[in-house]
Amino acid sequence: MAYSIKADFQKVYSDEKLIVFTRGTGAIVDANLDAAIAKADSIIDSYLKSVIDDLPLVNPPAFIKDYSIAIAVKLLTRGIHYNDIPKVVRTEYEDAIQHLKDISAGKSNIILPAADTTVRNPIIKIDETAVAIFRRDSY
């Protein structure tokens with residue numbers, strides 16, 4: 001199941017913009033949009049794979065849909081001169097990728113319902129049986 005669908009894009013962008021992004025002539029090219037969504041979602045999953053075992057996410061947080069849209073739109077703008085790409089498209093893409101990198105590196109958390117998936121943190125391991133003893137001569 002995709003993290004975003006055409007209707008999600010239409011809430012953010014006008015059909016006219018989506019026609020341009022998908023290289024349509026009078027209509028949105030659904031095949032191009034679907035291909036961009038699939039690639040965006042695989043990029044998202046590639047970052048999440050280091051901390052989440054079960055992908056794709058069944059009930060992803062809302063920001064994952066936003067990131068799917070941001071990455072897909074950026075992918076759709078390939079071939080468009082850099083200066084002709086709206087700054088908001090570039091910024092949202094860069095912000096999404098940075099946050100995904102932070103999640104992958106363990107610098108940021110992703111909160112999921114416990115039943116959805118297995119989340120693991122490769123950096124921090126907590127031993128709940130350990131007891132810390134603090135004395136004046138130890139630190």
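# Helix packing in a predicted model

Student: Let's start with helix α4, residues 62–76. What should its 15 residues span, and how far apart are its end C-alpha atoms?
Tutor: At 1.5 Å a residue, the 15 residues should span 21 Å. The end C-alpha atoms of α4 are 22 Å apart, so the two agree. Keep in mind that this is a predicted model.

Student: Which residues of α4 are buried?
Tutor: Ile64, Tyr67, Ser68, Ile69, Ala70, Ile71, Ala72, Val73, Leu75 and Leu76.

Student: What covers them?
Tutor: The cover includes α1 (6–12), α2 (15–21), α3 (30–48) and α5 (87–105).

Student: Take α5, then. At what angle do the axes of α4 and α5 cross?
Tutor: Roughly 125°, and the axes come within 8 Å.

Student: How do they divide by class?
Tutor: Eleven are nonpolar, one is polar and two are charged. Tyr67, Ala70, Ile71 and Val73 take part in this contact, and they are also among the buried residues of α4.

Student: Switch to α3. How does its expected span compare with the distance between its ends?
Tutor: They agree. The 19 residues of α3 should span 27 Å at 1.5 Å a residue, and the end C-alpha atoms are 27 Å apart.

Student: What's buried in α3?
Tutor: Leu33, Ala36, Ile37, Ala40, Asp41, Ile44, Asp45 and Leu48.

Student: What do those pack against?
Tutor: The buried residues of α3 pack against α1, α4 and α5.

Student: α5 again. How do α3 and α5 cross?
Tutor: At roughly 30°, with the axes coming within 8 Å. Angles under 35 degrees count as roughly parallel, so α3 and α5 are roughly parallel to each other.

Student: Who makes that contact?
Tutor: Ile43, Ile44, Tyr47 and Leu48 of α3. On the α5 side, Ile97, Leu100, Lys101, Ile103 and Ser104.

Student: New topic: Lys6. Where does it sit?
Tutor: Lys6 lies in helix α1.

Student: Is Lys6 buried, partly exposed or exposed?
Tutor: Partly exposed, because its relative accessible area is 29%.

Student: What does Lys6 contact, aside from its neighbours within four places in sequence?
Tutor: Ile28, Asp30 and Leu33. Lys6 and Leu33 are 27 residues apart in sequence, yet 7.5 Å apart in space, C-alpha to C-alpha.

Student: Now the loop between α2 and α3. What about Thr22?
Tutor: Thr22 lies in that loop. Its relative accessibility is 0%, so Thr22 counts as buried.

Student: What does Thr22 touch, not counting residues up to four places away in sequence?
Tutor: Ala27, Ile28, Val29, Asn32, Leu33 and Leu76. Thr22 and Val73 are 51 residues apart in sequence and 8.8 Å apart in space, C-alpha to C-alpha.

Student: And Arg23? What's its phi?
Tutor: Near 65°, a positive value in a residue other than glycine. Arg23 is in the loop between α2 and α3. With a relative accessible area of 42%, Arg23 is partly exposed.

Student: Which peptide bond is cis?
Tutor: The one from Leu55 to Pro56, with omega near 0°. Pro56 is in the loop between α3 and α4.

Student: Zoom out. How many helices and strands?
Tutor: Five helices and zero strands. From the N terminus on, the elements run α-α-α-α-α.

Student: How much of the protein is buried?
Tutor: Of its 139 residues, 32% count as buried.

Student: And what share of the contacts joins residues at least 24 apart?
Tutor: 73%, among contacts between residues at least 6 apart in sequence.

Note on methods
Residues numbered from 1 in each chain as written. Predicted model: local features only at pLDDT ≥ 70, side-chain atom pairs only at ≥ 80, totals over all residues. Heavy atoms only, no water. Helix = DSSP H or I, 4+ residues; strand = E, 2+ residues; numbered from the N terminus. Expected span 1.5 Å × (residues − 1). Buried < 20%, exposed > 50% of the residue type's maximum accessible area, 1.4 Å probe, protein only. Contact = heavy atoms within 4.5 Å. Axes fitted to C-alpha atoms, helices over the stretch in contact; angles between N-to-C directions. Nonpolar A, V, L, I, M, F, W, Y, C, P; charged D, E, K, R; others polar. Parallel < 35°, antiparallel > 145°, perpendicular 65-115°, else oblique.
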